[in-house]
Amino acid sequence: MRTELHIQGMHCESCAIDIRETLEETAGVEHADVTFNGKTAVIDFDDQTVQQTTLIKKIQDLGYQATIGKHEQEPNQREAGA
Ligand SMILES: [Cu+2]
């Protein structure tokens with residue numbers, strides 16, 4: 001399946017690359033696209049192998065906030081930055 005996450009906390013292009021590489025190294029992830037300007041991650045993954053919450057956790061472990069949907073504000077989002 002495909003999911004789109006809204007990412008906060010990226011400050012440059014290499015943050016986006018960092019996130020993309022981490023996602024693509026994750027078992028079950030087929031393809032990941034992370035855009036710094038768009039602040040989004042579009043991830044194609046096998047939901048039998050990996051859960052969306054695991055992907056969000058991976059991004060959080062890198063030090064960024066990830067929420068489901070491009071513009072939605074989720075309860076676990078601590079700050080409305082930028
Ligand atoms: Cu950076």
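1. E2 and strand E3 (residues 40–45) pair in the antiparallel sense, over six bridges. Two strands count as paired if DSSP finds at least two bridges between them. Helices (H or I, at least four residues) and strands (E, at least two) are DSSP runs, numbered from the N terminus. Valine 29 has phenylalanine 45 in E3 as its bridge partner. Aspartate 33 stands opposite valine 42 in E3.

2. A word on the source. This is a predicted model: local features need pLDDT of at least 70, side-chain atom pairs count only at pLDDT 80 or more, and totals for chains, interfaces and linings use all residues. Residues are numbered from 1 along each chain, as its sequence is written.

3. Now the link between these two strands. E2 and E3 form a hairpin with four residues between them. In the turn, lysine 39 has a positive phi of about 55°.

4. E3 also pairs with E1. These two strands run antiparallel and are joined by five bridges. Here threonine 3 has isoleucine 43 in E3 as its bridge partner.

5. Next, the whole sheet. Four strands form an open sheet in the order E2-E3-E1-E4, and the pairing is antiparallel. Strand E2 (29–35) and strand E4 (65–68) are the edge strands, each pairing on one side only. On average, neighbouring strands of this sheet are turned by 25° against each other, direction ignored. Axes are lines fitted to C-alpha atoms, for helices over the stretch in contact, and angles run from 0 to 180 degrees between N-to-C directions. As background, strands of a sheet pair through backbone hydrogen bonds, either parallel or antiparallel.

6. The protein has two helices and four strands. Along the sequence the pattern is β-α-β-β-α-β. Helix H1 (residues 13–24) lies across strand E1 (2–8), E2 and E3, and runs at about 170° to E2. Helix H2 (residues 52–61) lies across E1, E3 and E4, and runs at about 155° to E4.

7. Which side chains of E3 are buried? Ala41, Ile43 and Phe45 are buried and point to one face. A residue is buried if 20 or more other C-beta atoms lie within 10 Å of its own, exposed if 12 or fewer, and partly exposed in between; C-beta atoms are placed from the backbone. Of the 82 residues of the protein, 21% count as buried.

8. The largest nonpolar core has 17 residues. Such a core is a set of buried Ala, Val, Leu, Ile, Met, Phe, Trp, Tyr and Cys residues joined through C-beta atoms within 7 Å. Those with the most contacts inside this core are Ile7, Ile19, Leu23, Ala41, Ile43, Ile59 and Ala66. E1, H1, E2, E3 and H2 each supply at least two of its residues.

9. Isoleucine 19 deserves a look. Leaving out residues up to four places away in sequence, isoleucine 19 touches Ile7, Val34, Ala41, Ile59, Leu62 and Tyr64. Two residues are in contact if their C-beta atoms, placed from the backbone, lie within 7 Å.

10. Last, the start of the chain. Methionine 1 is found in the segment before E1. Methionine 1 is exposed because 10 other C-beta atoms lie within 10 Å. Methionine 1 and aspartate 44 are 43 residues apart in sequence, yet 5.7 Å apart in space, C-alpha to C-alpha.
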